[in-house]
Amino acid sequence: MSAAPGTNGVLVDRYGRVARDLRVSLTDKCNLRCTYCMPAEGLPWLAGPELLTDEEIVRLVRVAVERLGVTEVRFTGGEPLIRPGLVGIVTAVAALRPRPRISLTTNGIGLDRLAPALSAAGLDRVNVSLDTLDADRFTRLTRRPRLDAVLAGLAGAAAAGLSPVKINSVLMRGVNEDEAPALLRFALDHDYQLRIIEQMPLDAQHGWDRSTMVTAEEILTSLRTVFDLSPDPAERGAAPAETWLVDGGPARVGVIASVTRPFCGDCDRTRLTADGQVRACLFATEESDLRAALRADADDDELARRWRTAMWGKRAGHGIDDPTFLQPTRPMSAIGG
Ligand code: SAM
Ligand code: SF4
């Protein structure tokens with residue numbers, strides 16, 4: 001392997017991983033306050049001039065698609081649906097060639113209203129985050145009484161053909177740890193695909209505790225009290241979810257064991273924050289400032305070169321289970337989950 005990033009071609013790191021999947025955070029703001037993500041109040045927002053404009057976002061995505069081999073673009077946040085220019089951004093990214101697949105990770109609030117326009121603009125798929133089907137628990141977990149809005153958003157996404165509609169759930173000890181079977185039943189009944197994610201140390205208030213985290217093993221044990229799960233014969237590739245056939249298939253459920261069974265060796269992601277910083281990993285402690293370069297009139301070649309250099313330095317793994325692990329200074333909502 002060469003000893004430095006190439007001056008042309010894809011986003012490769014020193015371990016030979018190639019990043020084809022770009023996560024773009026469109027905002028650090030949100031209309032919920034999930035306890036595993038944000039504090040109830042007091043989290044400072046990025047200042048307006050620090051945020052990339054819609055045009056700057058589209059330019060950087062274009063560089064990634066045209067020059068760096070990115071084939072998947074996922075918009076996230078914060079809550080991406082609250083970015084006013086979202087439909088225009090999706091339209092512009094769908095016009096790029098080769099056309100990337102475009103998806104969105106959202107809490108679903110307002111998706112019932114926006115799904116038709118997003119689908120028409122070129123959005124292919126959505127992941128909607130939903131951790132509980134109980135209205136009181138939802139309000140405790142997200143600090144906002146919006147369960148009905150999320151359920152309406154899910155239905156709206158399916159009606160607009162944004163399929164497969166996936167649900168992302170995080171289980172928390174003493175809050176919703178018993179809800180895995182009910183969430184799977186709900187997903188099966190509505191033809192949504194459920195993926196349950198281990199909680200990671202990315203909350204702004206640094207409240208994560210390894211010893212109380214609900215593990216993938218516990219999630220599977222809980223699901224198996226109701227369902228028969230058998231290993232999915234389909235190739236996993238770079239997908240973070242380990243999938244299981246439910247009651248013989250074809251329905252599936254995914255478990256994302258980011259902490260107990262990390263998949264860093266197969267990671268194909270690169271990340272762009274809402275203020276234009278490239279991050280090689282959710283847990284990276286370094287960022288590369290593309291916004292400054294872009295606003296200093298760097299051309300596309302220079303932006304691509306900086307992006308390659310940033311990815312070359314990607315570490316082998318996140319090291320959450322290592323005693324020397326340091327949580328990133330930015331919370332998940334500011335990095336883009
Ligand atoms: N607001 C959108 C949403 O909730 O889907 C997009 C951003 S959110 C940060 C992206 C995903 O990260 C959500 O599925 C959320 O549940 C997940 N997430 C947030 N904090 C997490 C944590 N500490 N551990 C695991 N997943 C987390
Ligand atoms: Fe908002 Fe998503 Fe974080 Fe919940 S997980 S507070 S919906 S950004």
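The model you are looking at is predicted, so local features need pLDDT of at least 70 and side-chain atom pairs count only at pLDDT 80 or more, while totals for chains, interfaces and linings use all residues. Residues are numbered from 1 along each chain as its sequence is written, chains are lettered from A and ligands numbered from 1 in the order in which they are written, and side-chain values use heavy atoms, with hydrogens and water left out.

Back to glycine 88, which counts as partly exposed because its relative accessibility is 44%; buried means under 20% relative accessible area, exposed over 50%, and partly exposed lies in between, using a 1.4 Å probe and protein chains only. Glutamate 55 sits 33 residues away along the chain, and its C-alpha atom is separated from that of glycine 88 by 9.6 Å.

From here, step to the loop between β4 (72-76) and α2 (86-94), where you will find glycine 78. The peptide bond joining glycine 77 and glycine 78 is cis, with omega at about 25°.

Which other residues come nearest to ligand 1? Of the 17 residues around it, the nearest are Tyr36, Gly78, Glu79, Ser129 and Met200, where being near requires a heavy atom of the residue within 4 Å of the molecule. The shell divides into five nonpolar, ten polar and two charged residues. In this scheme Ala, Val, Leu, Ile, Met, Phe, Trp, Tyr, Cys and Pro count as nonpolar, Asp, Glu, Lys and Arg as charged, and the others, Gly among them, as polar. A polar backbone atom of tyrosine 36 is 3.0 Å from a nitrogen atom of ligand 1, and a polar side-chain atom of serine 129 lies 2.5 Å from an oxygen atom of the ligand. Taken alone, ligand 1 exposes 540 Å², and the protein buries 95% of that; these areas come from the Shrake-Rupley method with a 1.4 Å probe. The elements giving two or more residues to this shell are β5 (101-106) and β7 (166-170).

Ligand 2 is next. Around ligand 2 are Cys30, Leu32, Arg33, Cys34, Tyr36, Cys37, Gly78 and Asn107. By class, this shell has five nonpolar, two polar and one charged residues.

Now for some ring contacts. A search of the whole structure finds one aromatic pair. Phenylalanine 186 and tyrosine 192 form it, tilted, with 5.8 Å from centre to centre and 55° between the planes. Rings of Phe, Tyr and Trp (its six-membered ring) pair if their centres lie within 6.5 Å; planes under 30 degrees apart count as stacked, over 60 as edge-to-face and the rest as tilted. Phenylalanine 186 is buried, at 14% relative accessible area, and tyrosine 192 is buried too, at 8%. Elsewhere, arginine 224 lies over the face of tryptophan 244, 5.1 Å from the ring centre; a charge sits over a ring if NZ of Lys or CZ of Arg is within 6 Å of the ring centre and within 35 degrees of the ring normal.

Arginine 23, in strand β3 (residues 21-25), counts as buried because its relative accessible area is 10%. The side chains of arginine 23 and aspartate 21 are joined by a polar contact of 3.1 Å. Isoleucine 109 belongs to the loop between β5 and α3 (111-121) and is buried at 10% relative accessibility. Leucine 147 is 38 residues from isoleucine 109 in sequence, and their C-alpha atoms are 8.8 Å apart in space.

Finally, look at some backbone details. The peptide bond from serine 163 to proline 164 is cis, with omega near 0°, and proline 164 is found in the loop between α5 (147-159) and β7. Aspartate 191, in the loop between α6 (180-190) and β8 (193-197), is a residue other than glycine with a positive phi, near 65°, and is exposed at 68% relative accessibility.

Terms used. A polar contact is a pair of N or O atoms within 3.5 Å; within protein, one must be able to donate a hydrogen and the other to accept it, and residues adjacent in sequence count only if both atoms are side-chain atoms. Helices (H or I, at least four residues) and strands (E, at least two) are DSSP runs, numbered from the N terminus.
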